[in-house]
Amino acid sequence: MAQRSTRRVFYGSLVHATSLRHIQACPRALIGVSDDGVIDWVLDDVDSASIQDAMLSKGWQIEDVDFIELGFGQWIMPGFVDTHTHAPQYPNMGIGGQYELLDWLKNVTFPTEAKFEDVEFAKKAYTSVVERVLDCGTTTCCYYATLHLPATRVLADICHAKGQRAFIGKCNMDRHASEAYQESSPAQSLADTETIISYIGSLEDPLVQPILTPRFAIACCDDLLAGLGTIASQHPDMAIQTHISENPSEIAFTGELFPDCDTYAHVYDKFGLLREKTILAHGVHLKDSELDLIKSRNAGISHCPTSNFNLRSGIANVADMLDRGIKVGLGTDVSGGYSPSILTAIQHASIASKILAFQAPSPPDSSSSSFSQKQLPLSALLYLATQGGADLCGLSSVIGTITPGKQFDAILVDVTKGGVEGIWVEQEVGEELGIQNKARLLEMLEKFLFCGDSRNVRTVWVKGCVVGGAQKH
């Protein structure tokens, strides 16, 4: 259960990506978080002797707050946003790597998801999933559930109880799955979708929201997609999530099923499902016309590099998407992806961009400000994992950076604890009091992103409430 929020002040290092090109690193930040979980103020260079005066200038007194002073190798940063994962696939995470997408679904994934017809199994599995995701530092998660209405209710209840910011989608899939695991009709699928939307609304929890979830075009007949488009029109602010252009065989089959549509993206557009807050997972093989359409509809892409590598789907050209101004976030895509941590997605996003860079036909123009044909910089990787995900989910002004007026969805990172073999950090002269300069702080950030894991995520907050971490207070 999430702990109740209280007024807090943090003193120490703060790191966040304010743009794709810039990381703000503040070694001596003072952060005031109100008791409703909103960031009230941030001061970026406060001497330790001036803390009380700085707080008084904001009308706060140190004796009235929970004052948390960070030590060496610790910092506050925004929580991660996972824009694409499958909650019922955690039980089969790490297996099936011998398959490509469609065979993997048939032989590994659909049989696992079918087990969630058992509500007790769903309760046990989903409790573990949400706790694990939170402990990885993921404060916001876009979950695909299964086609089962009762089990999807369970996932929503657990996210609500645990305090995670979450988008919960009951999968719509009435064809081309398996006899044992697909919905009986478009009417049933749509009715269950309306029911889960109402149920999640009845929780009266702004952190937990419904999201329309046509699994992918292959799994939905025209009547089902048309019905989902109608529901979407009735809920103009609701997010939508689905898959697009992940695998060549999938793309070819989609073309056979929808011969009247020029491209995969046009299928979703035809049925009114391509719009702002539409989260399209993968986008590995998108055509220029599709990228133009996605941009024009203000939709975006969830980049899932771990899954793209693991299922041999290909490499999404994220740099080109960013140059086009398309919104991009990161997704773990469990269990095509074999890790629940956005850190793994960051690492693989970096590798993917490097592969595309050295495969480029000519050296990149070093004087150009574009991302294309270059490896993604650290600032872009951090942005995609935080603010980029927030942008994709329609939460740009709510989370993603540690900025006054936003909600305190944050993690406390500690690279000196946890026994993580890959991180080597030693105090240098002058760092005994926990203050490190900006260059040193950025160095430690890079070590965390590429060598860290959940043991370095000491505490996790969502809207000011402690919800997870290796050392929950």
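User: Hi! What should I know about the model before we start?
Analyst: It is predicted, so local features need pLDDT of at least 70 and side-chain atom pairs count only at pLDDT 80 or more, while totals for chains, interfaces and linings use all residues. Residues are numbered from 1 along each chain as its sequence is written, and side-chain values use heavy atoms, with hydrogens and water left out.

User: Thanks. How many cavities of 30 Å³ or more are there?
Analyst: The count is 2. A cavity here is a set of points, on a 1 Å grid over the protein atoms alone, where a 1.4 Å probe fits but cannot get out. Volume is the space filled by probe spheres set on the points, with grid points joined across faces, edges and corners.

User: What volume does the largest one have?
Analyst: About 100 Å³.

User: And which residues line the largest cavity?
Analyst: The lining is H86, Q89, L101, W104, L105, R215, F216, H243, E246, H282 and D333; a lining residue has an atom within 4 Å of a point. By class, 4 are nonpolar, 4 polar and 3 charged. Nonpolar covers Ala, Val, Leu, Ile, Met, Phe, Trp, Tyr, Cys and Pro, charged covers Asp, Glu, Lys and Arg, and the others, Gly among them, are polar.

User: Which helix gives the most to that lining?
Analyst: Helix α2 (residues 101–114), with 3 residues. Helices are DSSP runs (H or I, at least four residues), as are strands (E, at least two), numbered from the N terminus.

User: What about the second largest cavity, what lines it?
Analyst: You'll find I168, K170, N172, T193, I196, I197, P210, I211, L212 and T213 there. Two or more residues each come from α5 (186–202) and β9 (208–212). The volume of this second largest cavity is about 40 Å³, and its lining has 6 nonpolar, 3 polar and 1 charged.

User: Switching topic: how do α12 and α15 cross?
Analyst: The axes of α12 (residues 342–359) and α15 (residues 438–451) come within 7 Å and cross at roughly 95°. That makes the two helices roughly perpendicular, a term for angles of 65 to 115 degrees. Axes are lines fitted to C-alpha atoms over the stretch in contact, with angles from 0 to 180 degrees between N-to-C directions.

User: Which residues meet there?
Analyst: L343, I346, Q347 and S350 in α12 meet F448, L449, F450 and C451 in α15, where contact means heavy atoms within 4.5 Å. They divide into 6 nonpolar, 2 polar and no charged.

User: Last one: is S353 buried or exposed?
Analyst: S353, in helix α12, is buried, with a relative accessible area of 9%. Buried means under 20%, exposed over 50%, and partly exposed in between (1.4 Å probe, protein chains only). Not counting residues up to four places away in sequence, S353 touches K374, Q375 and L376.

Terms used
1 Å grid on protein atoms, 1.4 Å probe; cavity = no way out; pocket = protein on both sides within 12 Å on 5 of 7 lines; lining within 4 Å. Parallel < 35°, antiparallel > 145°, perpendicular 65-115°, else oblique.
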